[in-house]
Amino acid sequence: MRSQNLQVRFSVWSVGREFRKTIRLVAGMFTITMLVIGLVSPSSASRNILTNMDCIVEPSAIVDLGSAVPGLLAETYYDRTDYVAAGKIMARLESGVERVSLEIAESVAQNTTAVELRQLTAEFGQRTQQRNADLLKTKSISKQEMDQLSTEAHIASLQVRQELEGRDLALLEVTRAKALLDRRVIRSPIEGTVMQRYKSAGEYVDGEPVYRVAQLNPLHVEVIVPIEYMNSLKTGLQAGVTIAAPGFEDKVLDAIVRRIDAVADAASATYGVRLILDNPELEIPSGVRCVVDFFSS
């Protein structure tokens, strides 16, 4: 029943398309007649560069999301047709060991006892050195004893620096542990809709995708154009797109030429053109056939 309905809808769209072809043909003949008798300006007659070209509406990006490391899926948060924002967490791998490693690294980085101990030792050494410097003037201590005290005070200050450097390394270890934990999280790099979920919680992942996400704003309109029109179409050119979907048969959607293939297909003497179609409300369907008319600027 569903396939019959789709066939009926496509037949209706095809009939409508043939009707539009007839209208455009009649309008073109009328325009030529008007040009002959001088009633229509040549600039108005040349507005349509290329009309009634078959095309297809596609997502602007389709991304297969996988894991950076192999592991067991602990949680999956989205399913087919769900909308996801860019950067949203889609799934998590089992990461108990990585979480404990992060907690250990944070605990080590937050521990300041060793630094404080070395600082106290260094401060005491500095005070002892200053007191004995006065005794050296009265020859109450020997130069050997004074040299020993100075060396110990300098060693204590170096030990403080050593502990501070160790704390910096501990902070870097925290950053490393967070990065390892983040590698076990699957995020969506784009804003879009989930097309397919390949894996569920409890399954093992090793290189294969978990989700497929499609970006639906903007949409891409792909059209194959005869080679003789290569110099006629330019980037930024405006076009009207009519898609073969219920509710859109009589709507002409504004699109802009974004990319033009630099290499043509020699066998078919055609080349590809991509247009951008804004879809902020996500109302325009993708994966459908369409017809595009190119207009001069």
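Four strands, in the order β5-β4-β2-β7, form an open sheet with antiparallel pairing. The edge strands are β5 (185-187) and β7 (204-205), each pairing on one side only. Two strands count as paired if DSSP finds at least two bridges between them. Strands here are DSSP runs of E with at least two residues, helices are runs of H or I with at least four, and both are numbered from the N terminus.

This is a predicted model: local features need pLDDT of at least 70, side-chain atom pairs count only at pLDDT 80 or more, and totals for chains, interfaces and linings use all residues. Residues are numbered from 1 along each chain as its sequence is written, and side-chain values use heavy atoms, leaving out hydrogens and water.

Back to the sheet. Strand β2 (residues 71-76) and strand β4 (residues 89-93) run antiparallel and are joined by three bridges. Leu-73 has Leu-93 in β4 as its bridge partner.

The chain as a whole has five helices and 12 strands. Of its 297 residues, 30% count as buried, meaning under 20% relative accessible area with a 1.4 Å probe, protein chains only; over 50% is exposed, and in between is partly exposed.

Now the disulfide, that is, a pair of cysteine sulfur atoms within 2.5 Å. How many does a search of the whole structure find? It finds one. The sulfur atoms of Cys-55 and Cys-290 are 1.9 Å apart. Cys-55 lies in strand β1 (residues 48-65) and Cys-290 in strand β12 (residues 288-295), so the pair links distant parts of the chain, 235 residues apart. Both cysteines, Cys-55 and Cys-290, are buried.
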